[in-house]
Amino acid sequence: MNILLLSVSMLSVLVQDIVFNIAGKEKLKSGGSVYAFNCIMFAVCTLVFTALSIGSGVSLYSVIMGIIFGITGVFMYSCRIKAFAEGPMHITALIITASMIIPALSGVFLYGEKLSVMKVLSMALLISFIALGAKSGENGKKVNLKWIIACVVSFFAQGAIGVMQKIHQSSVHKDELFPFLACSFAVSFIYSAFAAKKGETQKFDKATVIFALVCGVCTFTMNYLNLKLSGIIPSQIFFPVVNGGPVILTSLCSVIIFKEKLTVRQTVGMVGGLLSLIGVCLL
């Protein structure tokens, strides 16, 4: 059963990345439209996590953390979509997933966790391989500055989210996770709604609305299942699979479905980056 749930979690990440790639490149033509898309996605998560929170108490600590978490989430998801829209799918997924090194390092500075020499080496190799793969743009074209900015913001925002999850789950309020997530996604929804209203927003067709709803279901699924599985499956198995698995699947889809052509440099960067990512998790 755990293997099935882990597969569903990875599939959720894959589906979301595929939809982000399609919607970003073909459907969402303005910043306001990206926020409107996220607004639908966040509404799904807010409703489900609120339903799961019924009967649970919530502290001011979780509310404040939820507000900060929710605002950070808006930037992370918005820039993730923009990154997929502006650049190659395979290296974009790897760069954003590599943000896991931020919460990994935070454990050293905040909680005194040990940092092995091999883990540091794996992190250095990961950054080096990402730089190698990203040095050439898609199909050898010049690197898109908008893509670089979107990747960097998404990288640090997702890393910050990992740190906040660790802080919240290390506190005495860790049992308030569902109310915490309900609050955070509600803030993300409200922020996105205002941003969409202020920006230039196109009228969505039926397909775009369905895409947003699917992404909402995927976002809830990966959050819920990863929370459940992280306490069941050993860390040395769970984290490499849950981080490396979707990147491998996304990379395969970028080549098979979206016909992205990888240069030798990009192939080396992607394969080396994946192995380094697994090394960060294991060592």
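Predicted model: local features only at pLDDT ≥ 70, side-chain atom pairs only at ≥ 80, totals over all residues.
Local features need pLDDT of at least 70, side-chain atom pairs count only at pLDDT 80 or more, and totals for chains, interfaces and linings use all residues. Residues are numbered from 1 along each chain as its sequence is written, and side-chain values use heavy atoms, with hydrogens and water left out.

A salt bridge is a side-chain nitrogen of Lys or Arg within 4 Å of a carboxyl oxygen of Asp or Glu. Arg 80 pairs with Asp 17 in a salt bridge, and their closest N and O atoms are 2.9 Å apart. Arg 80 belongs to helix 3 (residues 60–86) and Asp 17 to helix 1 (residues 2–27), so the pair ties together parts that are 63 residues apart in sequence. Helices (H or I, at least four residues) are DSSP runs, numbered from the N terminus. Buried means under 20% relative accessible area, exposed over 50%, and partly exposed in between (1.4 Å probe, protein chains only). Arg 80 is buried at 5%. Asp 17 is buried at 2%.

A salt bridge also joins the side chains of Lys 27 and Asp 205, at 3.1 Å from N to O. This pair links distant parts of the chain, 178 residues apart. Lys 27 is in helix 1, while Asp 205 sits in the loop between helix 8 (177–198) and helix 9 (206–230). Asp 205 is partly exposed, with a relative accessibility of 36%.

Gly 244 lies in helix 10 (residues 235–256). Gly 244 is buried, at 2% relative accessibility. From C-alpha to C-alpha, Gly 244 and Gly 273 are 9.7 Å apart in space, and 29 residues separate them in sequence.

Terms used. Helix = DSSP H or I, 4+ residues; strand = E, 2+ residues; numbered from the N terminus.
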